[in-house]
Amino acid sequence: MQGDNSDESALAFGPFRLLPKARLLEKDGDPVHIGGRALDILIFLAERAGEVVGKRELVSRVWADVNVDEGSLRFHVSALRKVLGDSASGARYVVNVPGRGYCFTAPVVRAETAPATPADSPPLPAQMARMIGRTETIEKIAAELARHRLVTVVGPGGIGKTTVALAVGHRQLPDFSGMVRFVDFGSLRDKRLAPSALASALGLSVSSDNPVPSTLAFLRDKRMLLIFDSCEHLLESLAMLAESIIREAPEVSILATSRESLRAEGEQVHRLFPLDCPPERAAITASDVLAYPAAQLFVQRIAASLGGFELGDAEAPLVAEICRKLDGIALAIELAAGRVNAYGIQGIATLLNSRFSLLWQGRRTAVPRHQTLSAALGWSYDLLTPTESVTLRRLSVFAGTFTLEAALAVASGDGTDEAEAVEAIANLVAKSLISLPSAAQPVRYRLLDTTRAFAAEKLAESGEGARVSRKHAIYFRDLLAGIAARTATFSTGDSFAPYADHLANVRAALDWSFSDQGDRAIGIGLAAAAAQFFLQLSLLTECHRWARQALASLDPQVADQRREMELQAALGVSLMFTQGNTEEVHAAFTRSLELAESHNDLHWQLWLLREFHIYLTRIGDYRGALAMGERGVVVAKALNDAGAIRTAEWMLGVANHLIGNQNEAVVQCESATTHDPSRLQINMQRLGYDDRIVALVALARSLWLTGHPDRAIEAARYAVSEAERTQQPLTIGIGLIWSIYVFLWFGDWDNADKLIERLINHAARHFLGPYQAVGLGLKGELLIRRGEPKIGIELLRQGAGTLRQTRHKILSTVFAAALAEGLVQVRQYEEALGIIDEAIAQRDSAGQSFDLPEMLRVKGHVLASSARQSEAESYLMQSLNLSRKQGALGWELRAAATLGRLWREQGHAAKAHALIAPLYARYSEGFDSADLSSVRLLVDELASSI
């Protein structure tokens, strides 16, 4: 802060007088409004009048360590010239020297200003050389002051309220003719002394016990801005004083800073929010991070202490993480940056999880309450009532956001009733110790991470940490169990989606429950209740982890069988989709189904039959899947539930498609085209995916196979869009995989390629290992179809290898057929024959399948290519006969085309035409598809050669 009687050197030129320390420009004795950057440029150039100052040096001085382009400099120089009245024909003060920089050309006279009197001295502390992320805020507060006269900047400790208020004060100096006064009430402890502190700051002699009348008399005819800083501990006294000033001095405005509003008449509250932080995002770069003010401040402070620091891409994710952990609180960011020289950026990120970060020292010149985070928070904590401090301590158990209901479940009791807790929470919000992250309903509360760490220490010191953690875990166990209970049927139910923001709290509760200090009985119940929560959010790895841990903690003598049933089902689903179709998955589903049957729980029986159904399809046991569907029909009819019956029909439809009963599959899956949002929610919770999408893709594939290519493409597109609308990773993966084949069969390779890339990226992003292998295999199949067999063969081998390891047999034969065709292209006939023979044997041992006609056709193609024509004809005839039996016109036409080409080579064009032409004539759509286009050309060629 400047001394009250210090002299200041003024720079005079033309009609102007520049006071650098006061940051004031006058013209003919009147203040001139000038932007902050333009003023910085003027001060620097005027102090070096007559010298050419390089552009780089000027940018470095005005913008410190932030990189800006030359356009920004030109913009602010242009603004300065307008203020000074520079023109081509008139006076010229700032001249551009091409290739070198700028020069202040007017004669400058240095003169000492007269000693200031107490009433007209400029006692504003210096503002920060460069503020980050608050320009819009400063402008908005200045506008609010013009309209309301009493504005209070409210926010938690360390967020930058004083810094912003000072910046507003400096900005308003011209508007108030330099009459802006700053009063720091932070060190004042006796509220009765607040009026005396104001009088003293105004330079008034205090000669009575009540200086208010004389202060008001002094201010009555003044135009002035008063900045009241750190008001939170003197609210009552300062509210009354502010109201008196606003009422009695019509030209005086007040800008206050406080952690809680004054609640004074006419007060306009401006809540100061944290600096924007970089998001949590994969592969974030330094330029991405530095687009956010919190990161800019962090890097600027590092550069100030280390010199020459530049953020690289390798450290960018850590800086983003640090800023998020510090919630964009300016003081916290500055303190952390000040310790980078000691611990490095990685060390800072690690230490932020410990209590030591609360003790980091800041600037020695800072007021004591701002020298450490602990001191800043302790200042607020010490002002709380006993009930408020107890409530804040207890709320520190929450990770992330929480509802009022959750807060009361944890904070009330043990000497605090609900009404007291409700009032305490409202007061803590007003005091900026609890934040409201958004205006969304229902209301969610949150403790900033720094506040939570401080309050957690206080909770540990109080000795009630275990008791509070127990109440926290019980609350979330009961909450999730209640939601799960409301999803008991297939036709109605609740969704976990609105509760997704409780995820951090569920994790924290599970961590405590299974810790050495926790309660495993609570943990088992919580893990069982959370299983469906994790499944709907596609957190399969977490579902697997907690289900396994809970099952390992069960006491066989006293185990709750219903909870075991839920945990076994969750274990099976999460294992199946993350690690493959192992025997452990089969065992988990078997045990869960046994328990459901022993309790005569028909709903759970149908859920488990559905899980078994998808497991059996994945291992290629299509007959077993059909049997599960038939059992599902019996259970669904016993339930007399429309949703359950529809689910059982879809199970039959999917199984019939995979076995090869395509017409039945179309009939049984067509109901999936009807949108029912409640089913989406229920299925994703119980199954981990939406079985309606499985039915939709089975319908699309069956439509192609039965000779309806256009309808098949339309259904496949609809399946993908409906899967994406669920925003559920497993469902999206299923929708993509099975729809891609429709595009491949149709010959729409461009769209197939796009979908394959989406599948590969999607699987990698959500850790769906088997799905990524499928994506690679599909990429290989597409390359083979496009005539690039070498790369395609390698990708198919990789994909097939992973599928073998995970027992994902549903696609192993499909991949084998594609691989065999690729090997034919590179003339490796014997290997191709061995691969397709193995695939056919696999399907023969398991009964018929949808792809057996195609595998027989591929074997015929391999044999024909290796000059074994009589054997080739036999297998192609088998393919034709089986295709007809399955109602698979798509396979039948393919087999006929392959056989027709063989007969044409043997000189039997008429015979080939008689085989193919009637099949082609059965089509009424899809003539633009690659398959039908090639068949049409073949038919025309055969007809012309007859």
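**Figure 1. Salt bridges across the predicted model.** The model contains 51 salt bridges, a salt bridge being a side-chain nitrogen of Lys or Arg within 4 Å of a carboxyl oxygen of Asp or Glu. The structure is a predicted model, in which local features need pLDDT of at least 70 and side-chain atom pairs count only at pLDDT 80 or more, while totals for chains, interfaces and linings use all residues. Residues are numbered from 1 along each chain as its sequence is written, and side-chain values use heavy atoms, with hydrogens and water left out. Side chains of opposite charge can pair when their charged atoms come close.

**Figure 2. Close-up of the pair E57 and R48.** A salt bridge joins E57 to R48, with 2.5 Å between the closest N and O atoms. E57 has a relative accessible area of 37% and is partly exposed. R48 is also partly exposed, at 22%. Accessibility is classed with a 1.4 Å probe on protein chains only: buried is under 20% relative accessible area, exposed is over 50%, and partly exposed lies in between.

**Figure 3. Close-up of the pair R467 and D414.** R467 and D414 form a salt bridge through their side chains, at 3.1 Å from N to O. The pair links distant parts of the chain, 53 residues apart: R467 is in helix α19 (residues 465–485), and D414 is in the loop between α16 (404–411) and α17 (418–430). Helices (H or I, at least four residues) and strands (E, at least two) are DSSP runs, numbered from the N terminus. R467 is partly exposed, with a relative accessible area of 39%. D414 is partly exposed at 47% relative accessibility. Both residues belong to a network of salt bridges that links R394, D414, E464, R467 and K471.

**Figure 4. Close-up of the pair R797 and E831.** The side chains of R797 and E831 make a salt bridge of 2.8 Å, N to O. This pair links distant parts of the chain, with R797 in helix α35 (residues 789–805) and E831 in helix α37 (residues 829–846), 34 residues apart. R797 counts as partly exposed at 34% relative accessibility, and E831 counts as partly exposed at 31%.

**Figure 5. Packing of helices α33 and α34.** Helix α33 (residues 749–765) packs against helix α34 (residues 769–785) at an angle of about 160 degrees, and their axes are 8 Å apart. Axes are lines fitted to C-alpha atoms, for helices over the stretch in contact, and angles run from 0 to 180 degrees between N-to-C directions. The two helices, α33 and α34, are therefore roughly antiparallel; angles under 35 degrees count as roughly parallel, over 145 as roughly antiparallel, 65 to 115 as roughly perpendicular and the rest as oblique. The crossing of α33 and α34 is left-handed, a term used if the near helix is turned anticlockwise from the far one by less than a right angle, whereas clockwise gives right-handed. In α33, W749, D753, I756, E757, L759, I760, A763 and A764 meet Y771, Q772, V774, G775, L776, L778, K779, L782 and R785 of α34. The residues of this contact between α33 and α34 comprise eleven nonpolar, two polar and four charged. Ala, Val, Leu, Ile, Met, Phe, Trp, Tyr, Cys and Pro count as nonpolar, Asp, Glu, Lys and Arg as charged, and the others, Gly among them, as polar. Contact means heavy atoms within 4.5 Å.

**Figure 6. Packing of helices α15 and α18.** Helix α15 (residues 386–395) and helix α18 (residues 449–462) pack at about 105 degrees, with axes 7 Å apart. This angle makes α15 roughly perpendicular to α18. L392, R393 and R394 of α15 meet T451, A455, K458, L459 and S462 of α18. The contact of α15 with α18 has three nonpolar, two polar and three charged residues. R394 is also one of the residues in the salt-bridge network with D414, E464, R467 and K471.

**Figure 7. Surroundings of Q172.** Q172 is in helix α5 (residues 161–172). With 6% relative accessibility, Q172 counts as buried. Apart from neighbours within four places in sequence, Q172 is in contact with A142, V180 and L225.

**Figure 8. Surroundings of G860.** G860 lies in helix α38 (residues 852–865) and is buried, at 0% relative accessibility. Not counting residues up to four places away in sequence, G860 touches A872, Y875 and L876. The C-alpha atoms of G860 and L833 are separated by 9.5 Å, and the two residues are 27 residues apart along the chain.
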